[in-house]
Number of protein chains: 2
Amino acid sequence: MSCFPRYILISSSRRDLSCLEGCMEQVLRKMRELCDVSDSSVNELLGCVSRCHFPRRSVLVREGVRSGYAYFIERGITRSFWVVDGVEITTSFSTEGAVVFSMDEVYYEQPSEEYIEALEPVEAYAIAVDDLRRLWSQNLELANWGRIIHQNEYRRLHRSHKERLTLPAGERYAEFCRQFPEVCARVQLGYIASYLGITLPTLSRIRAQK
Amino acid sequence: MSCFPRYILISSSRRDLSCLEGCMEQVLRKMRELCDVSDSSVNELLGCVSRCHFPRRSVLVREGVRSGYAYFIERGITRSFWVVDGVEITTSFSTEGAVVFSMDEVYYEQPSEEYIEALEPVEAYAIAVDDLRRLWSQNLELANWGRIIHQNEYRRLHRSHKERLTLPAGERYAEFCRQFPEVCARVQLGYIASYLGITLPTLSRIRAQK
DNA sequence: AACTAAATTTGTCGTACATCAAATATCGCC
DNA sequence: GGCGATATTTGATGTACGACAAATTTAGTT
């Protein structure tokens, strides 16, 4: 089990929106791919976020804790994982434009069961979980956006589950590379192996075969 | 691959609500466990449903088709499954009080990728997918109820995925029996084996060990 | 650029579970 | 209540992948 260097930097002045002009570009680009959101809703969202930075290997969300924040990834890549009996199990990767948060915290108001860590230096926008919940409950456009994100996550998980049960390891890896070429290129092998449910040596051998 | 005897009976008179008095008991009981829904919202829902019956082994939702309906299970049990290369993979069981539908149809307006079949004779209430979508988009209470159902499904899947990656087959079976004793008792072994990602002979041997 | 730590490859061996097949038990239905 | 179909058990054999460990390559830090 790795040990985590720990610092979280959240810019102090939540109300200084000057830095937001022309910001959240990746996040907003991704949002517009998913659904229509009016400028006023976007502004509501922008009013709640603070820019922040996470060095490589730092932890955004920790097991057993309520971090209090969700994060929109503007630059960099993160992984979510469980630690079970000292073994890390990667459950997802998130890149530019994605939202990462603890489902336990946001949906169930409980401490997170997962970790989220930065695999590269991450530029992000933090939003307080309370603010996110409030926006989702009050603003229909943002609620729909949240729902679509969640539905897509469910679908990814559903399909990955299907693949786990039907495809041998090599084909699952090929499928992963096809679906997430970005992630495949930027992330080290051990994390992908863990995501696919195989060991690092096995994945290495699979790659050697071709 | 099994072949399906097929008849779907939906009572013709959608507007005859007399049969609904004291009806949907199991469904409404389950709903109240999850969240608060006012009588007027419940009535909105009741106004859209029709009682229907599915014999054992009949199919509620078929792959490649838009069934046009979601179903509230009042009595009986269903399974959802994929057919991949002629092999059935069970992804969930639904009992009294549950809602079953094709995610592809309701969320993505596409033909279903899954089958849903009755494992026992099923008494259900059918709602047109269009009506369900409309209710969810217009009624905040019902929308929240839908969201909670979806979140719980996500969580179940997330955890089952975790178990698949960390526990050996025998412990996964034990965990399944602990979490779903009802289902465990009512459903035949092959479906449970398929849900757990092991073969029927293997599950039979696991049980013989204790 | 060099030094160190981390990631990946490669090797050997063990095992949990799959596959195929046949025998027995159970259950749905008339 | 009994018959026929279906579900479960049991057996023999194979294999994909895991576990552990050492060698080699790659990459991060000064």
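How do the residues of the surface near DNA strand C divide into nonpolar, polar and charged? In this predicted model, the residues of that surface divide into 8 nonpolar, 5 polar and 3 charged. Of the 16 residues around DNA strand C, those that come nearest are A:Gln188, A:Leu189, A:Pro201 and A:Ser204, together with B:Thr202 from the other chain. The elements that each supply at least two residues of the surface near DNA strand C are helix H8 (189–196) and H9 of chain A, along with H9 of chain B, and H9(A) gives the most, with 6 residues.

For DNA strand D, the residues that come nearest, of the 15 around it, are A:Thr202 from chain A and B:Gln188, B:Leu189, B:Pro201 and B:Ser204 from chain B. Two or more residues of the surface near DNA strand D are given by each of helix H9 (200–208) of chain A, helix H8 (189–196) of chain B and helix H9 (200–208) of chain B. The largest share of the surface near DNA strand D comes from H9(B), which contributes 6 residues, and by class this surface has 8 nonpolar, 5 polar and 2 charged residues.

H9(A), which gives 6 residues to the surface near DNA strand C, also packs against helix H6 (residues 169–179) of chain A, at an angle of about 80° and with the two axes 10 Å apart. Because angles from 65 to 115 degrees count as roughly perpendicular, H6(A) and H9(A) are therefore described as roughly perpendicular to each other. The contact is made by A:Ala169, A:Gly170 and A:Tyr173 on the side of H6(A), and by A:Thr202, A:Leu203 and A:Ile206 on the side of H9(A). By class, the residues of the contact of H6(A) with H9(A) comprise 4 nonpolar and 2 polar, with no charged residue. One of these contact residues, A:Thr202, is also among those that come nearest to DNA strand D.

The contact between the two protein chains takes 16 residues from chain A and 16 residues from chain B. On the side of chain A that touches chain B, at least two residues are supplied by each of strand E5 (78–84) and helix H5 (140–166) of chain A. H5(A) gives the most to this side, with 11 residues, and the side as a whole has 7 nonpolar, 6 polar and 3 charged residues. In chain B, helix H5 (residues 140–166) has 27 residues and reaches 39 Å from its first C-alpha to its last, close to the 39 Å expected at 1.5 Å a residue. Within H5(B), the residues B:Leu142, B:Trp145, B:His158 and B:Ser160 are buried. The cover over the buried residues of H5(B) includes H5 of chain A, as well as helix H1 (25–34), helix H2 (39–46) and helix H4 (129–138) of chain B.

The secondary structure of chain A comes to 9 helices and 9 strands, and of the 210 residues of this chain, 29% count as buried. Among the contacts in chain A with a separation of 6 or more, 74% are accounted for by residues 24 or more positions apart.

Individual loop residues were also examined. A:Asp85 lies in the loop between E5 and strand E6 (87–94) of chain A, and its phi is near 50°, a positive value in a residue other than glycine. Most residues other than glycine have a negative phi. A:Asp85 counts as exposed because it has 6 C-beta neighbours inside 10 Å, where the cut-off for an exposed residue is 12 or fewer. In chain B, B:Asp85 is placed in the loop between strand E5 (78–84) and strand E6 (87–94). The phi of B:Asp85 is likewise near 50° and positive, and B:Asp85 counts as exposed, with 6 C-beta neighbours inside 10 Å.

B:Ser112, by contrast, is buried, with 20 other C-beta atoms within 10 Å, and is found in the loop between helix H3 (103–108) and strand E8 (115–118) of chain B. Neighbours within four places in sequence being left aside, B:Ser112 is in contact with B:Val61, B:Arg62, B:Glu63, B:Val65, B:Ser67, B:Ser102, B:Asp104 and B:Glu105. With B:Arg62, which is 50 residues apart from B:Ser112 along the chain, the C-alpha separation is 6.6 Å.

Notes. Residues are numbered from 1 along each chain as its sequence is written. Chains are lettered from A and ligands numbered from 1 in the order in which they are written. This is a predicted model: local features need pLDDT of at least 70, side-chain atom pairs count only at pLDDT 80 or more; totals for chains, interfaces and linings use all residues. A residue is near a molecule or strand if its C-beta atom, placed from the backbone, lies within 6 Å of it. Helices (H or I, at least four residues) and strands (E, at least two) are DSSP runs, numbered from the N terminus. Ala, Val, Leu, Ile, Met, Phe, Trp, Tyr, Cys and Pro count as nonpolar, Asp, Glu, Lys and Arg as charged, and the others, Gly among them, as polar. Two residues are in contact if their C-beta atoms, placed from the backbone, lie within 7 Å. The expected span of a helix is 1.5 Å times one less than its number of residues. Axes are lines fitted to C-alpha atoms, for helices over the stretch in contact, and angles run from 0 to 180 degrees between N-to-C directions. Angles under 35 degrees count as roughly parallel, over 145 as roughly antiparallel, 65 to 115 as roughly perpendicular and the rest as oblique.
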